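Student: I am new to this model. Could you walk me through a few of its features?

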Amino acid sequence: PVLDTEDAWVSVEGPVSIVELALEQKRIHYPLVEHQFVLCTVLYAIMRLSLKGVKPLSLFDSKGKNAFFKDLTSIQLLPSGDMDPNVLSIRQQFLLKVVSAAVQTLCSSQKDKEVSEEEYFPFEKGKNWPNLAADLAQYLQISEDLVRRHYVCELYSYGMDHLGEE
């Protein structure tokens, strides 16, 4: 891009402007950033919902694991549409665990009527973990309907029929 500058700024001496520094930066490979985002979301869900026995890197194939340790400006081979059925099974189990833990947390906080959902997750007002799991299912190549059906079944099993009907 062409940057027009006023004549008064041409003779100024000093460090390089932040605009010029930004233009000199390499462009990032956006799919690699999305891949990193999926890992961060998985790690956050594991931490926030206290999921035990989940190995986050087992949710990715060898190409996906190798991509985590590359520079974001490099063009990397990312997982293709064909996935190992074992990896897909592990991903599906993980998403169902996330939904189950979220519903369990919601039900336990509602049984303690003194503690609202906002107080239980103070920094996450409006964070809907089952919807997040459904969104994550798209990235992990798992059926979103499967996750939503599991969510409804969990709501019914915890006696929250009014939410299950919605």
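Tutor: We will look at a helix pair, the cysteines and one glutamate. This is a predicted model, where local features need pLDDT of at least 70 and side-chain atom pairs count only at pLDDT 80 or more, while totals for chains, interfaces and linings use all residues. Residues are numbered from 1 along each chain as its sequence is written, and side-chain values use heavy atoms, leaving out hydrogens and water.

Student: How do α3 and α7 cross?

Tutor: Helices are DSSP runs of H or I with at least four residues, numbered from the N terminus. Axes are lines fitted to C-alpha atoms over the stretch in contact, with angles from 0 to 180 degrees between N-to-C directions. Here the axes of α3 (residues 30-48) and α7 (residues 129-139) come within 11 Å and cross at roughly 145°.

Student: Which residues make the contact?

Tutor: Contact means heavy atoms within 4.5 Å. From α3 come E34, V38, T41, V42, Y44, A45 and R48, and from α7 come W129, L132, L136 and Y139.

Student: How many disulfides are there?

Tutor: A disulfide is a pair of cysteine sulfur atoms within 2.5 Å. A search of the whole structure finds 0.

Student: Is C107 buried or exposed?

Tutor: Buried means under 20% relative accessible area, exposed over 50%, and partly exposed in between (1.4 Å probe, protein chains only). C107 has 4%, so C107 is buried, whereas C40 counts as partly exposed because its relative accessibility is 47%.

Student: Where is E154 found?

Tutor: E154 lies in helix α8 (residues 144-157). E154 counts as buried because its relative accessibility is 14%. Leaving aside residues up to four places away in sequence, E154 touches S100 and V103.

Notes:
Helices (H or I, at least four residues) and strands (E, at least two) are DSSP runs, numbered from the N terminus.
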